[in-house]
Amino acid sequence: MPALRRTGLLLQSLAGSFARLLRAQLPSTTLQRRTYSAALTAQSVVAAKHPFQVNLEAGKKYAWCACGHSKNQPFCDGSHRKAAPKISSLKFKPEETKEAWLCGCKCTKNPPYCDGTHKEDFVQKADLGCHPQL
Ligand code: FES
């Protein structure tokens, strides 16, 4: 097997493992896992290098953009259907009305909320609209 193909298969396997790890860390009380693919997949891009401050209402349904292609950040506008068909939005319903910081880099380990990952070099060095290099 050519080395390039082996490397490609290894990277594909690592990406799958990473996506499974991210999904396993999702809190199940507020998130609908079935609609969430994973942040930082091969098709997700950095929408912003900062989080978005939003006011969330208790019991209201929201769809956080996981792909980074939405023009209505941090929320989904349906762009993923064409730009990143393997990714879907993360639908969630807050249990309380609150101010929140939603992830804009799409690399958080606690989607849809910011966990500070945007401060890391691999995000800060990435171009907006591009997939960050780990
Ligand atoms: S998840 Fe990004 S536009 Fe829907």
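**Close-up views of a predicted model**

**View 1. The largest nonpolar core.** The largest nonpolar core comprises 17 residues, and W64, C65, A66 and C67 have the most contacts inside it. The elements contributing two or more residues to this core are β2 and β3 (90–92). A nonpolar core is here a set of buried Ala, Val, Leu, Ile, Met, Phe, Trp, Tyr and Cys residues joined through C-beta atoms within 7 Å. A residue is buried if 20 or more other C-beta atoms lie within 10 Å of its own, exposed if 12 or fewer, and partly exposed in between, with C-beta atoms placed from the backbone. In soluble globular proteins, nonpolar side chains tend to be buried together.

The model is predicted: local features need pLDDT of at least 70, side-chain atom pairs count only at pLDDT 80 or more, and totals for chains, interfaces and linings use all residues. Residues are numbered from 1 along each chain as its sequence is written.

**View 2. The fold of the protein chain.** The secondary structure comes to 3 helices and 4 strands, arranged from the N terminus as α-β-β-α-β-β-α. Helices (H or I, at least four residues) and strands (E, at least two) are DSSP runs, numbered from the N terminus. Of the 134 residues of the protein chain, 28% count as buried.

**View 3. The surroundings of W64.** Not counting residues up to four places away in sequence, W64 touches P74, F75, C76, S89, L90, F92, L102, P111 and P112. Two residues are in contact if their C-beta atoms, placed from the backbone, lie within 7 Å.

**View 4. Two cis peptide bonds.** The bond from Q73 to P74 is cis, with omega near 5 degrees, and P74 lies in the loop between β2 (62–64) and α2 (80–83). A cis peptide bond also joins P111 and P112, where omega is about 5 degrees. P112 belongs to the loop between β4 (98–102) and α3 (121–124).

**View 5. K106, a residue with positive phi.** In K106, a residue other than glycine, phi is positive, near 65 degrees. K106 is placed in the loop between β4 and α3. This residue is buried because 30 other C-beta atoms lie within 10 Å.

**View 6. A48 and its contacts.** A48 is situated in the loop between α1 (3–24) and β1 (52–56). With 16 other C-beta atoms within 10 Å, A48 is partly exposed. Beyond residues up to four places away in sequence, A48 touches Q73, G104 and C105. The C-alpha atoms of A48 and P74 are separated by 9.1 Å, although these residues are 26 residues apart along the chain.
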